[in-house]
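Here are my notes for a colleague who is opening this structure for the first time. Have a look at the sequence and the model, then read the points below alongside them.

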Amino acid sequence: MKIGKIGRNDPCPCGSGLKYKKCCMKREKADLTETYFKRYGIRLKGKQDVEKIKEAGKLAIATLLKVRDILTVGMKTEEIDRVVHEYIVSHGGVPAPLNYRGFPKSVCVSVNEEICHGIPGERIIMDGDIVNVDVTPILNGYYADASMTFFVGNPALDAIKVVNVARESLKRGMKAVKPGARIGDIGWSIQEYAESQGCSVVREFVGHGVGFEFHEPPQVPHYGTKGKGIMLIPGMVFTIEPMINLGKKELRVLDDNWTAVTKDGSLSAQFEQTVLVTKDGFESLTPYDIDDTSLFYPPSSK
């Protein structure tokens, strides 16, 4: 595998501690697949794997847009779970969250102060709510992971702010992805921006490798230090999914042992895409236009 834009004097991506020119560069056909798996547990994806993940990614985005189109004031979050389950299954997929480590539903639905892992149920969506929907279909044995936060009804200025900061945070995190960059560059880009806007970044939940399994190495924190962490190389596939709080970063988990909420009761928003490191930068395998705010308003809210 060619490892892209890595300088001769950069640290070798294999983690040996030597400069690239004195290590893997010496081997004309250096293949880091085995090294990355042995050292980090990271399984690089080949061309056929990427195509399969893209297909699962198309289903993920279509599912999110299906949910957007039925979201309305007065509906229960349980209805979102029914729609997601039926849509994924009817298109030949399997909802990965269902029964994953005991999670009882096919989708995570997190409203307002709920950060993530909200269990669909009796909660009624109210005018002005922000609703994060996080879907992970398995299609032909491959996983893709994506989420959007939707406005329902007439959102207040605080809701608009935290959603916009979360959108931009994801955008900046993805832009940091390129061969030779470090995982810490992603988190630094997100943290530096979100905190400059007076918001905070959740620490306890991070992005992760995905594709062959629901959760794979590496972990991808949404905070961090520039230039630190595992070096990115082509073939790595992982999620970037910053959870941004309008208030402080601290959270608590409810008695259901899943739903994470902001400790101070402030609003939280999240956007997520699955990205591939390419030889030139990155490609989203669950692409949607993060700048198109119309995507995040259900028809009932327009």
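**Notes on salt bridges, a helix and a pocket**

1. Let's start with a charged pair: E122 and K76 form a salt bridge, with their closest N and O atoms 2.6 Å apart. E122 sits in the loop between β3 (114-116) and β4 (130-135), and K76 in the loop between α2 (47-70) and α3 (77-90), so the pair ties together parts that are 46 residues apart in sequence. E122 counts as exposed at 58% relative accessibility, while K76, at 36%, counts as partly exposed. Here a salt bridge is a side-chain nitrogen of Lys or Arg within 4 Å of a carboxyl oxygen of Asp or Glu. Buried means under 20% relative accessible area, exposed over 50%, and partly exposed in between (1.4 Å probe, protein chains only).

2. Before going on, some housekeeping. This is a predicted model, in which local features need pLDDT of at least 70 and side-chain atom pairs count only at pLDDT 80 or more, while totals for chains, interfaces and linings use all residues. Residues are numbered from 1 along each chain as its sequence is written, and side-chain values use heavy atoms, with hydrogens and water left out. Helices (H or I, at least four residues) and strands (E, at least two) are DSSP runs, numbered from the N terminus.

3. How many salt bridges are there by this rule? The count comes to 18. One of them joins E34 to K38, with the closest N and O atoms 2.7 Å apart. Both lie in helix α1 (residues 33-40), 4 residues apart, or about one turn of the helix. E34 is partly exposed at 49% relative accessible area, and K38 is exposed at 63%.

4. E86 and R82 are 4 residues apart in α3, separated by about one helical turn. An α-helix has 3.6 residues a turn, so residues three or four places apart point the same way. Elsewhere, E51, K54 and E283 are linked in a network of salt bridges.

5. Now for a residue on the inside. L64 is in helix α2 and is buried, with a relative accessible area of 0%. Leaving aside residues up to four places away in sequence, L64 touches V133, V135, A146, S147, M148 and F150 (contact means heavy atoms within 4.5 Å). L64 and V133 are 69 residues apart in sequence, yet their C-alpha atoms are 7.1 Å apart in space.

6. Helix α5 (residues 183-196) is worth a look. After α5 comes G198, whose phi is positive, near 80°.

7. Which residues lie nearest the centre of the largest pocket? They are Y100, H117, F205, H208 and H215, out of 25 lining residues. β10 gives the most to that lining, with 4 residues.

Notes
On a 1 Å grid over the protein atoms alone, a cavity is a set of points where a 1.4 Å probe fits but cannot get out, and a pocket is an open set with protein on both sides within 12 Å along at least five of seven lines; lining residues have an atom within 4 Å of a point.
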